[in-house]
Structures are given as structure tokens and as C-alpha cells.
Amino acid sequence: MPIDIRGWIYVSWVCFFLIWMIWGITAKRAVRRQSARSRLVQAALLVPAFWMLVTPAFRVGPLGWRILQHSAVTAYAAVALTAIGFGIAIWARLHLGGNWSANVTVKQDHRLVQSGPYAIVRHPIYTGMSVAALGLAILNGDLRSFLAIALMVVGWREKFTLEEAFMTEQFGEEYRKYRRQVKALIPFLW
């Protein structure tokens, strides 16, 4: 009986988001939050990016052009990237502890986390989610999916730019030094 790779990946995304939201109950109280407008801008980028990855509705015209042919290699790569991506995000969430928030915030007794994956990239949750999404893009193999990844990265950049402004205000030179030493999303590159 063949394994339903797409079904497995979809179920893993649903489980990831459910666990992620339940886990959010452990977060500390926020003392500063991003504006509703900035949340809306981020959602306007990230929601369509995720939607493009999971629905064939955008598979029209050039967006439907196949870039990668489906094969055992692409299926295994999709599963591996999904698992690796979620692993990175969960590892990062463990290190953040109560500082985590779905929105950009400063928490009560906020501390600057530079351990674990935060020693490798400043925003490992976004890195991990992007790697997991890349797995789905490889499985889909079409242009729309790779454009969705690009849109997702733009959304993450919008969000982490605001996060970094909050962290610079909160931690000053300590955060500026961290920014100089550790790349944002891709180790040693960006």
C-alpha cells in the first residue's frame, strides 16, 4: 500500500499549528504589542502564501507550470524538509519558552534568547516554517508554490523587521551586537 505523502504532509501541518496554538498558552503576558495595521500587513502576505501552497486554485496559466517532476526523490525530499523544518521551529520554540508570541510583542520579564537555534539564525521559527513549506513546494513542483515561498519570506521579513525594532529598543547594544554576529534566516548568508 503506497504512502500518501501529500496527506501526511497536510496532517503534519494541521498538527503543527494545533500544537503550536495550544502551546501558546504557556507564553508570558505581553507588555507591548504590534499594531493591528502591522498584523494585517503580515497576514496579507502570509495567508495567501500558505493558501497558494495548499490549494490548486492558483494553478492556472504560468503559475501552473511544472518546475520539478514528481518522483520518489521529490517525495522523500518533501517529507525530509517538512520534518526538518518543523524540528527547527520546535527546537526554537523550546528555547524561547514564555517569550514566544504569534504576534510581535515584548513580554513581561522578556529576555534575549541567543541559545540553541538562536545562535545560528535570529529567526529560526521562520526559517523552520519556510523549510517545511519548501518541502510542500517541492512536492507540488509548480511555479505557484515557489512564488508562495518567496511571498512567505517577504511576510517573514516584514514581521522580523518589526521584531528587531522592538528587541533593539528593549535590549539596546546587546541586540545590535547579536544582529551583527548572527544572520536573520539563513546561516552565514542572510
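This report covers aromatic pairs and ring-facing charges in a predicted model.

## Aromatic pairs

The count comes to 12 aromatic pairs.

Trp13 and Phe86 pair edge-to-face. Their ring centres lie 4.8 Å apart, with 80 degrees between the planes. This pair links distant parts of the chain. Trp13 belongs to helix 1 (residues 5-23), and Phe86 to helix 3 (residues 72-96). The two are 73 residues apart. Trp13 has a relative accessible area of 8%. That is under 20%, so Trp13 counts as buried. Phe86 is also buried, with a relative accessible area of 8%.

## A stacked pair

Tyr126 and Trp156 are stacked. The centre-to-centre distance is 4.5 Å, and the planes stand 10 degrees apart. The angle is under 30 degrees, so the pair counts as stacked. Here too, distant parts of the chain are linked. Tyr126 sits in helix 4 (residues 124-140), Trp156 in helix 5 (residues 143-171). They are 30 residues apart. Both residues are buried.

## Charges over rings

Arg93 lies over the face of Trp23, 4.5 Å from the ring centre.

Arg32 places its charged end over the ring of Phe166. The distance to that ring's centre is 3.8 Å.

Notes. Residues are numbered from 1 along each chain as its sequence is written. This is a predicted model: local features need pLDDT of at least 70, side-chain atom pairs count only at pLDDT 80 or more; totals for chains, interfaces and linings use all residues. Side-chain values use heavy atoms; hydrogens and water are left out. Rings of Phe, Tyr and Trp (its six-membered ring) pair if their centres lie within 6.5 Å; planes under 30 degrees apart count as stacked, over 60 as edge-to-face and the rest as tilted. Helices (H or I, at least four residues) and strands (E, at least two) are DSSP runs, numbered from the N terminus. Buried means under 20% relative accessible area, exposed over 50%, partly exposed in between (1.4 Å probe, protein chains only). A charge sits over a ring if NZ of Lys or CZ of Arg is within 6 Å of the ring centre and within 35 degrees of the ring normal.
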